[in-house]
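Come and look through it with me, one entry at a time.

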Amino acid sequence: MKHRMVAAVRILPLALAAALVVPQRAPAQAGDEAQLTALARAAVEAQNDVLVSGDVEGSLGRRANAAAFRGGIQRHFASLTNRKNVLAQSRNDYKSHRTTLRIRNTRVEGDRATQEATEQVVLALDPSIGGPPQTEYTQEHVLRFEKQGGQWRLTADEILPPPEDPDSLRGPAVTTQTQPAPPGHTPNPQIERRRAGPRATFLDRPGLFRLASTGSRFPTRLFTYSPTAAVNYALTYWGPANSNYNSSYREYTNDCTNFISQVVQAGGWVYDETGDRTLNDTWYYGSFTFTTSYSWAGAHNFNGFFNQSGRGFVATYFSDMLTGDILQADFGPTPDGNISHSMVVTSKDASNNIYLTYHTNNTKNRSINDLLAGNPGTRWYGLALYW
């Protein structure tokens, strides 16, 4: 028995030593991850270099490892240079960028690897045009790699689109669309007077409605909308990280219209709870999803509520919109008649270009010209709100 115990004691250190040997694989894996991350960051930064300069070869030439990631971002170059050229015509082109990339997940399987990452970029604008000093936004990436000759190479960089809208009822969108103004157009003076004059109250809608805060019923209510309060709210809670959202509200997977409803509520809009939550004659937030109207978080239903509520009208041209107004999109190149995105105007420049702030993906002060360049064929609906 004694000899067996001695043998066991001798075996134990060997087992511990074997256990300590296993983690020695980690440096190789850590080395792979470091190489992948370096390629991912260089590739994303190079794309923003192209957006700023319009020079593909110059942007790649400044990076020693460009040959290892060029193929993975090749398909983005045409879009980036087009954005640069279009934005330069309106002086909305970007002058510099500050890019960070947060790697959320890395998976390595043999000679193939995938990284999921969140890009945050700050793009400087020309201060002389009188608009915001910079644009900021986030984008979600899935980057794919292959190991060739012992070295990793980026083979694809997929920029993920926003997820589907929350529960909503679909149907025909409004037929009036908002478009770029023709040359020489100046903003409609009637719209400007309506907004620049005394803050007049207006009818919410005919009939009775119940305020969620009290649960009581009131006759038709008068209220005003403050664009300043709406814009201040948007610029406070736009992001850039989801942790910067207002914790008093739920976060939806596609959060854009949930955010816009918060914005217009901060501006003075009151709840309307007269009908079923699935119908477009209601707009309100509840403690649960099933006690919240579809129009609160669904872009298409928000549009339906707006059109029947008398709280504003659809602007003919983007330049007729003012801060605090809402822009919605039915994205191209083949729009399907269902609105899927909502944004708020948070700035204008001296040439009456508007700048939009929104959730999903979190964005602050992005010019309409950039959105137009990046989303051809989209149908736009500018909701001009009464004050």
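**Entry 1: a loop residue**

Where does Arg91 lie? I found Arg91 in the loop between helix H5 (77-89) and strand E1 (96-109). Helices and strands here are DSSP runs, numbered from the N terminus, with at least four residues (H or I) for a helix and at least two (E) for a strand. The phi of Arg91 is near 60°, a positive value in a residue other than glycine. I noted Arg91 as partly exposed because its relative accessibility is 42%; buried means under 20% relative accessible area, exposed over 50%, and partly exposed in between (1.4 Å probe, protein chains only).

**Entry 2: what I am looking at**

This is a predicted model, in which local features need pLDDT of at least 70 and side-chain atom pairs count only at pLDDT 80 or more, while totals for chains, interfaces and linings use all residues. Residues are numbered from 1 along each chain as its sequence is written, and side-chain values use heavy atoms, with hydrogens and water left out.

I checked the confidence next. The mean pLDDT of the chain is 86, and 82% of its residues reach 70 or more; pLDDT is the predictor's confidence in each residue, from 0 to 100. Over residues 1-28 the pLDDT is below 50, and this stretch has zero contacts in the model beyond near neighbours in sequence. A contact means heavy atoms within 4.5 Å. Residues 197-221 also have a pLDDT below 50, but I read 63 contacts there beyond near neighbours in sequence.

For the overall picture, I wrote down eleven helices and 14 strands. Of the 387 residues in the chain, 47% are buried. Among contacts with a separation of 6 or more, 64% join residues 24 or more positions apart.

Asn352 has a positive phi of about 65° although it is not a glycine. I located Asn352 in the loop between E11 and E12. Its relative accessible area is 26%, so I list Asn352 as partly exposed.

Then I looked at the peptide bonds. The one from Gly332 to Pro333 is cis, with omega near 10°. Pro333 sits in the loop between strand E10 (326-330) and strand E11 (341-348). The bond from Thr360 to Asn361 is cis too, with omega near -5°. For Asn361 the place is the loop between strand E12 (354-358) and strand E13 (363-367).

**Entry 3: two helices that pack**

Two packed helices are described by the angle between their axes and the distance between the axes. Helix H7 (residues 227-237) and helix H8 (residues 256-267) pack at an angle of about 140°, with their axes 7 Å apart. That makes H7 oblique to H8. The axes are lines fitted to C-alpha atoms over the stretch in contact, and angles run from 0 to 180 degrees between N-to-C directions. Under 35 degrees counts as roughly parallel, over 145 as roughly antiparallel, 65 to 115 as roughly perpendicular and the rest as oblique.

Which residues meet there? From H7 I listed Ala229, Ala230, Tyr233, Ala234 and Tyr237, and from H8 Phe259, Gln262, Val263, Ala266 and Gly267.

**Entry 4: a covered helix**

How many of the eleven residues of helix H10 (residues 299-309) are buried? I counted nine, so this helix is mostly covered. Among the buried ones are His300, Phe302, Phe305 and Phe306. The cover over the buried residues of H10 includes H8, helix H9 (294-297), strand E9 (312-314), E10, E11 and strand E14 (379-385). After H10 comes Gly310, with a positive phi near 75°.

**Entry 5: two buried loop residues**

Is Arg63 buried or exposed? Arg63 counts as buried because its relative accessibility is 17%. I found Arg63 in the loop between helix H3 (56-61) and helix H4 (70-73). Arg63 and Ala42 are 21 residues apart in sequence and 7.6 Å apart in space, C-alpha to C-alpha. Leaving aside neighbours within four places in sequence, Arg63 touches Ala42, Glu45, Ala46, Asp49 and Phe69.

Thr178 is in the loop between strand E4 (151-159) and helix H6 (189-196). At 2% relative accessibility, Thr178 counts as buried. Thr178 and Ala315 are 137 residues apart in sequence, yet 5.9 Å apart in space, C-alpha to C-alpha. Beyond neighbours within four places in sequence, the contacts of Thr178 include Val314, Ala315, Tyr317, Trp380 and Tyr381.
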